[in-house]
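I opened this notebook to record what I looked up in one structure. The entries run from the overall fold to single residues.

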Amino acid sequence: MAGFVDRGKSIEELEEVRWPDPPTDTTPLVRSVHELRKKPIKDLTVENLRRLVGQDVGLRWLLPVALDFLRETAREEETSGWFDDDLLSAVVTRKEEAWRSAPELARHLDETVKMLTDLSPYVQHDVSRFREALSDIL
């Protein structure tokens, strides 16, 4: 899905928008998001992806990257018995408009979720809401 994303670039470079430095009295979350926007996508950890996606930052580039990761790890869930619910939760709870503007990503996410066998109840709830809201494009 993320074949078009230049992972050597940061969100800041891809968006061609430089945010001003955050105020000195800002929260650690805000400081972190500002810093992560400057990091090349290839250097972002899963936790970094979760944080940025959860804050709706760089979704045009990060949703495809996150979906690639989720698909890859979904295949491994069967043997490892583990799946990153936190990233999945961040991705599946994005606003409906994000998915409607990229229906192929919504369908890819839905296909990935169908591969999973052991989602936690709270993520199952989020997935159900995602599917209900987007049933016409899935």
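The entries below concern a predicted model.

**Entry 1. Overall fold**

I began with the secondary structure and counted eight helices and zero strands in the protein. Read along the sequence, the pattern is therefore α-α-α-α-α-α-α-α. I then looked up the dimensions: the C-alpha trace spans about 45 × 30 × 30 Å along its principal axes. For 138 residues, a compact globule would have a radius of gyration near 14 Å, and the 15 Å of the protein agrees with this. I noted that 45% of the 138 residues count as buried. Among contacts with a separation of 6 or more, 64% are made by residues 24 or more positions apart.

**Entry 2. The nonpolar core**

Which residues touch the most other members of the largest nonpolar core? In this core of 41 residues, they are Ile41, Leu62, Leu70, Leu88, Val91, Trp99 and Leu109. I next listed the elements that give two or more residues to the core, and found α1 (11-15), α2, α3, α4 (59-80), α5 (85-92), α6 (96-100), α7 and α8 (121-133). The largest share, nine residues, comes from α4.

I followed Val91 further. Leaving aside neighbours within four places in sequence, Val91 is in contact with Val53, Leu63, Ala66, Leu67, Leu70, Trp99 and Leu109.

**Entry 3. The packing of α2 and α3**

I turned to one helix pair. Helix α2 (residues 28-36) packs against helix α3 (residues 46-54) at an angle of about 110°, and their axes lie 10 Å apart. Angles of 65 to 115 degrees count as roughly perpendicular, so α2 is roughly perpendicular to α3. On the α2 side, I listed Leu29, Ser32, Val33 and Leu36; these meet Asn48, Arg51 and Leu52 in α3. Sorted by class, the contact has four nonpolar, two polar and one charged residues.

Is His108 buried or exposed? Its relative accessibility is 12%, so His108 counts as buried, the cut-off being under 20%. Apart from neighbours within four places in sequence, His108 is in contact with Met1, Leu67 and Arg71.

Thr112 is also placed in helix α7. At 2% relative accessibility, Thr112 counts as buried. Not counting residues up to four places away in sequence, Thr112 touches Leu70, Arg71 and Ala74. I noted that Arg71 is a partner of His108 and likewise of Thr112.

Glu16 is not a glycine, yet has a positive phi of about 55°. Where is Glu16 found? Glu16 is found in the loop between α1 and α2. With a relative accessible area of 73%, Glu16 is exposed, because the cut-off for that class is over 50%.

Asp56 has a positive phi of about 60° and is not a glycine either. I placed Asp56 in the loop between α3 and α4. The relative accessible area of Asp56 is 33%, so this residue is partly exposed.

Conventions. Residues numbered from 1 in each chain as written. Predicted model: local features only at pLDDT ≥ 70, side-chain atom pairs only at ≥ 80, totals over all residues. Heavy atoms only, no water. Axes fitted to C-alpha atoms, helices over the stretch in contact; angles between N-to-C directions. Helix = DSSP H or I, 4+ residues; strand = E, 2+ residues; numbered from the N terminus. Parallel < 35°, antiparallel > 145°, perpendicular 65-115°, else oblique. Contact = heavy atoms within 4.5 Å. Nonpolar A, V, L, I, M, F, W, Y, C, P; charged D, E, K, R; others polar. Buried < 20%, exposed > 50% of the residue type's maximum accessible area, 1.4 Å probe, protein only. Core = buried A, V, L, I, M, F, W, Y, C linked by side-chain atoms within 4.5 Å. Rg over C-alpha atoms; globule rule 2.2 N^0.38 Å.
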